[in-house]
Amino acid sequence: MAHDNPHSDDPHHAHAHLPPDPALRVKALETILTKRGLVDPAALDEIIDIYQNKIGPQNGARVVAKAWSDPEFKARLLADADQVLREMDIYGRQGEHMVVVENTPETHNMVVCTLCSCYPWPVLGIPPAWYKSDAYRARAVREPRKVLADFGVTLPEGTKVRVWDSTAEVRYLVLPMRPEGSDGLDEAALAALVNRDSMVGTALTSFPEGTV
Ligand code: FE
């Protein structure tokens, strides 16, 4: 068996022993860093918990619901998202400069980071795996309608698709269209209609029938 791996005794090729599953690789890396005293596992868990549970798409949904309910708030949000989000206590890493783009019957907005995986963490939490995938990053700009179709989204012919490429400096949040039939709902009920992908532009928001 030794012939299978000529580097098996070479510490510089330790990565050859890492498990192929990314989750296991992360765990292995975390174990090494912890053993060497370079990271505190409790601090790591806290960071993950914050972005997974405390900060997450529910923040973005709160912003969207408020914009749907309050035209003056929406105007300010579109003009200066940083200021408005700060007033709502939504700020932090990976969201230093935010821009909100509004979906209309004429224009559908979609967000990508073609370079890596820049994403507005304070409003959407941890990015989903598909957002970071090579396929999404390459195809979102080249064939956005096909990508949308893969997500089950078909837009009217006349709707223009606009793709926003995130950078380290600017993070985008899509303000989806308020679904038909949602008149009269309060902000909390509206927020419950807003899913994460609709704020990246790969889903639409809808009002489930039969809930009125
Ligand atoms: Fe990036």
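Let me begin with a contact between two helices, where Val63, Lys66, Ala67 and Ser69 of α3 meet Pro71, Phe73, Lys74 and Leu77 of α4. Please keep in mind throughout that what we are looking at is a predicted model. Sorted by class, the residues in this contact of α3 with α4 are five nonpolar, one polar and two charged.

How are the two helices set against each other, and at what angle do they pack? Helix α3 covers residues 57–69 and helix α4 covers residues 71–79, and they pack at an angle of about 125°, with their axes 5 Å apart. Because of that angle, α3 counts as oblique to α4.

For the model as a whole, the count comes to nine salt bridges.

Let me turn to the pockets. In general, rolling a probe the size of a water molecule over the atoms shows where empty space is left.

The largest pocket has a volume of about 250 Å³, and its lining is made of 17 residues, with Leu155, Met177, Arg178, Leu204 and Thr205 lying nearest the centre. By class, the lining of this largest pocket has eight nonpolar, seven polar and two charged residues.

The second largest pocket has a volume of about 210 Å³, and the residues that line it are Ala23, Val26, Lys27, Leu29, Glu30, Leu33, Leu44 and Ile48. Which helix gives the most to this lining? That is α1, with six residues, although α1, residues 22–35, and α2, residues 41–54, each supply at least two residues. If you go through the lining of the second largest pocket by class, you will find six nonpolar residues, no polar ones and two charged ones.

Conventions
Residues are numbered from 1 along each chain as its sequence is written. This is a predicted model: local features need pLDDT of at least 70, side-chain atom pairs count only at pLDDT 80 or more; totals for chains, interfaces and linings use all residues. Side-chain values use heavy atoms; hydrogens and water are left out. Axes are lines fitted to C-alpha atoms, for helices over the stretch in contact, and angles run from 0 to 180 degrees between N-to-C directions. Helices (H or I, at least four residues) and strands (E, at least two) are DSSP runs, numbered from the N terminus. Angles under 35 degrees count as roughly parallel, over 145 as roughly antiparallel, 65 to 115 as roughly perpendicular and the rest as oblique. Contact means heavy atoms within 4.5 Å. Ala, Val, Leu, Ile, Met, Phe, Trp, Tyr, Cys and Pro count as nonpolar, Asp, Glu, Lys and Arg as charged, and the others, Gly among them, as polar. On a 1 Å grid over the protein atoms alone, a cavity is a set of points where a 1.4 Å probe fits but cannot get out, and a pocket is an open set with protein on both sides within 12 Å along at least five of seven lines; lining residues have an atom within 4 Å of a point. Grid points are joined across faces, edges and corners, and a volume is the space filled by probe spheres set on the points. A salt bridge is a side-chain nitrogen of Lys or Arg within 4 Å of a carboxyl oxygen of Asp or Glu.
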